[in-house]
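Welcome! Have a look at the model below, then try the exercises with their worked solutions.

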Protein chains: 2
Amino acid sequence: MFSILRNARTFAQRTPARSFHSNRILNQEKMKASILAILYNGFKAAEEEPRLLGTVENREWLISQGHEFIVSSSKEGPDSDFQKHITDAEILITTPFHPGYLTADLFEKAKKLKLCVTAGVGSDHIDLNAAVKHKVQVLEVSGSNVVSVAEHVIMSMLLLVRNFVPAHEVIERGDWQVSDIARNAFDLEGKVVGTIGAGRIGYRVLQRLVPFDCKELLYYDYAALPQAATDAVKARRVEDLKEFVSQCDVVTINCPLHEGTKGLVNEELLSHFKKGAWLVNTARGAICDKDAVAKALKSGHLSGYAGDVWNVQPAPKDHVWRTMKNPLGGGNGMVPHYSGTTLDAQARYANGVKSILENYFDNKPQEPQNIIVGLGKYETKAYGQR
Amino acid sequence: MFSILRNARTFAQRTPARSFHSNRILNQEKMKASILAILYNGFKAAEEEPRLLGTVENREWLISQGHEFIVSSSKEGPDSDFQKHITDAEILITTPFHPGYLTADLFEKAKKLKLCVTAGVGSDHIDLNAAVKHKVQVLEVSGSNVVSVAEHVIMSMLLLVRNFVPAHEVIERGDWQVSDIARNAFDLEGKVVGTIGAGRIGYRVLQRLVPFDCKELLYYDYAALPQAATDAVKARRVEDLKEFVSQCDVVTINCPLHEGTKGLVNEELLSHFKKGAWLVNTARGAICDKDAVAKALKSGHLSGYAGDVWNVQPAPKDHVWRTMKNPLGGGNGMVPHYSGTTLDAQARYANGVKSILENYFDNKPQEPQNIIVGLGKYETKAYGQR
């Protein structure tokens with residue numbers, strides 16, 4: 001579960017100039033950065049599949065960068081490698097798929113921390129206000145998995161609306177009851193589909209929906225899309241959230257988790273959903289009220305719920321979302337958090353993390369779209385800082 | 001399982017003229033047509049869901065047409081309602097989801113048969129050469145479920161490429177092994193996707209793939225698409241089938257079953273597939289060699305196989321396609337034959353059947369695209385008659 005890798009790297013030949021984009025002061029002849037990376041365990045899968053770059057086992061791409069590295073999956077509780085080593089780390093690398101939760105308390109202990117890098121998209125496991133206060137930069141690889149997640153959203157919509165999971169289960173157990181499946185199977189064509197959040201992922205979802213001849217595409221967001229973007233997908237903005245959900249047959253959540261979106265889809269909002277609507281959430285589990293969703297599915301008020309994000313990850317064995325069903329025994333499309341960590345996405349975010357580290361050490365500017373928190377201030381509006 | 005419904009209908013007020021499109025001679029004051037409909041049993045599902053129009057139970061839309069009706073799901077063997085009543089039927093209504101197989105032998109017994117109507121798309125369960133010989137017209141509701149099936153194809157591609165089924169199973173059984181799932185999960189973006197058949201369904205598949213930014217879209221068909229259609233989806237035709245499959249990461253089959261396509265995807269053709277390709281077949285099960293597909297999946301030569309069609313329907317309990325897996329324990333996306341019988345599609349094909357019956361009795365022309373076999377001749381090239 002744990003490995004320490006020490007590699008020295010010479011910085012003598014590099015420019016000592018300090019740029020706006022880096023808070024690393026290069027006033028020493030030689031420097032070693034202490035980097036803590038919290039990744040997930042791949043076990044046998046990682047041994048057999050070298051493209052699983054998000055795993056502790058396949059960290060070679062990371063350590064080839066040099067520096068003192070601690071790579072571990074141990075992240076819970078005061079004795080975890082995460083909490084023990086955060087005190088010495090200059091750089092923290094985490095993934096959304098196995099999040100190391102960097103709370104305000106831990107920030108107090110992380111005296112040497114300068115940079116948090118999220119290998120993927122979604123940095124809500126970092127207390128961003130604390131990062132601003134402590135002048136710790138937070139970066140993510142913004143483009144690395146937006147397509148992967150958007151594809152997962154389309155897949156999830158289709159499999160809920162078309163009632164795939166019960167149909168596959170019928171086959172696996174040796175049965176053939178077409179009517180039991182067909183009675184709750186519909187087409188996406190002709191439905192009203194709306195996204196909460198029309199940013200990098202939400203907009204890609206809208207793009208992919210265009211040829212499905214939905215009745216209408218809607219979006220809810222804090223700002224209107226540019227006219228050209230609206231025209232391309234023919235989506236209509238609804239400014240009131242209750243009005244928005246009341247018009248949708250399918251709702252998909254594609255906004256970040258922050259103080260303004262936590263618990264957004266609660267019992268009250270769900271009461272405004274159309275009866276029998278389908279809900280897909282690949283954003284963050286905590287945007288939905290766990291028990292309210294389970295209750296709505298069980299009653300049939302929701303026909304289906306699918307996604308790969310959970311309020312706690314890994315989800316406990318008895319998490320109600322694992323087994324909740326609609327009254328016809330279907331409507332559950334849950335998976336572990338992996339939509340953004342396909343092998344294609346892992347190659348992209350590994351390259352992105354390398355590039356962020358290189359920029360940091362070389363005092364080069366970071367890609368603006370990757371910066372969530374710059375030096376002491378938010379650099380994005382995506383996390384609710386309007 | 002069985003019901004006989006007798007309803008008289010007066011034809012006196014109708015025109016007795018005989019059109020090219022009908023072979024019914026209206027020279028009697030009153031006529032009763034004997035109609036045999038082979039539908040599937042819906043049991044409790046049909047009682048609870050009146051929109052299940054393809055079931056024996058919810059036949060009301062059909063019998064409201066009048067005439068002498070026999071509606072049954074019993075279709076196998078000489079004592080089945082199908083074989084007993086085909087001798088007296090003037091009109092046979094069947095569905096592809098629970099096909100009554102009308103063989104050349106049965107045509108010999110069906111002396112009064114004038115019209116076969118397929119409630120759906122795909123009339124390969126009717127011996128079309130025998131229909132030509134006996135001057136029995138064969139019609140289907142050609143537009144009724146092309147979108148439904150195209151959506152099922154896109155869903156199936158995504159769930160195979162993204163490794164959905166094992167991911168959902170991990171959650172259901174209380175586990176959380178992201179690496180076991182991610183190691184065989186990819187994006188559709190950047191892949192080469194090809195369809196065997198670019199007709200009404202295959203072309204809709206290509207249209208829906210456009211925004212997914214596949215590396216390339218290919219098609220194999222007996223004729224080239226019109227230039228405007230090609231431009232709209234930017235698909236390239238490959239004229240040699242072996243060359244075609246050797247270039248595809250994902251292959252989807254969207255051609256009819258006929259003498260020229262039966263067993264098309266056999267061990268020899270599979271050997272030309274890319275290693276690790278995914279195959280989606282919602283056309284007809286018998287287009288693939290059952291055992292060759294199972295062997296290719298088991299060896300990992302195919303990474304996945306999905307679809308809703310089987311060489312025999314209902315599929316036997318021990319059919320190898322029910323439980324076959326790739327070496328990593330996934331890659332099976334099989335369901336019973338229902339992709340074209342969503343509730344949305346059932347409304348369309350019920351209306352289509354009504355309309356075909358009305359045209360028949362009123363001596364009005366049928367919609368040309370619905371006619372598979374006209375009076376003594378094929379009216380389509382789709383079934384291999386070039």
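**Exercise 1.** Which residue is the bridge partner of Val250(A) in β11(A)?

Solution. This is a predicted model, where local features need pLDDT of at least 70, side-chain atom pairs count only at pLDDT 80 or more, and totals for chains, interfaces and linings use all residues. Residues are numbered from 1 along each chain as its sequence is written, chains are lettered from A and ligands numbered from 1 in the order in which they are written, and side-chain values use heavy atoms, without hydrogens and water. Start with the strands, which are DSSP E runs of at least two residues, while helices are H or I runs of at least four, both numbered from the N terminus. Strands pair if DSSP finds at least two bridges between them. β10 (250-253) and β11 (277-281) of chain A pair in the parallel sense over four bridges. The partner of Val250(A) is Trp278(A).

**Exercise 2.** Find the edges of the sheet containing these strands.

Solution. First write the order of this open, parallel sheet of seven strands in chain A: β9-β8-β7-β10-β11-β12-β13. β9 (235-237) and β13 (332-334) of chain A each have a single partner strand, so one side of each lacks a neighbour in the sheet.

**Exercise 3.** Check the span of helix α14 (343-361) of chain A.

Solution. The expected span is 1.5 Å times one less than the number of residues. For 19 residues this gives 27 Å, and the end C-alpha atoms of α14(A) are 27 Å apart, which agrees. Just after α14(A), Asn363(A) has a positive phi of about 55 degrees.
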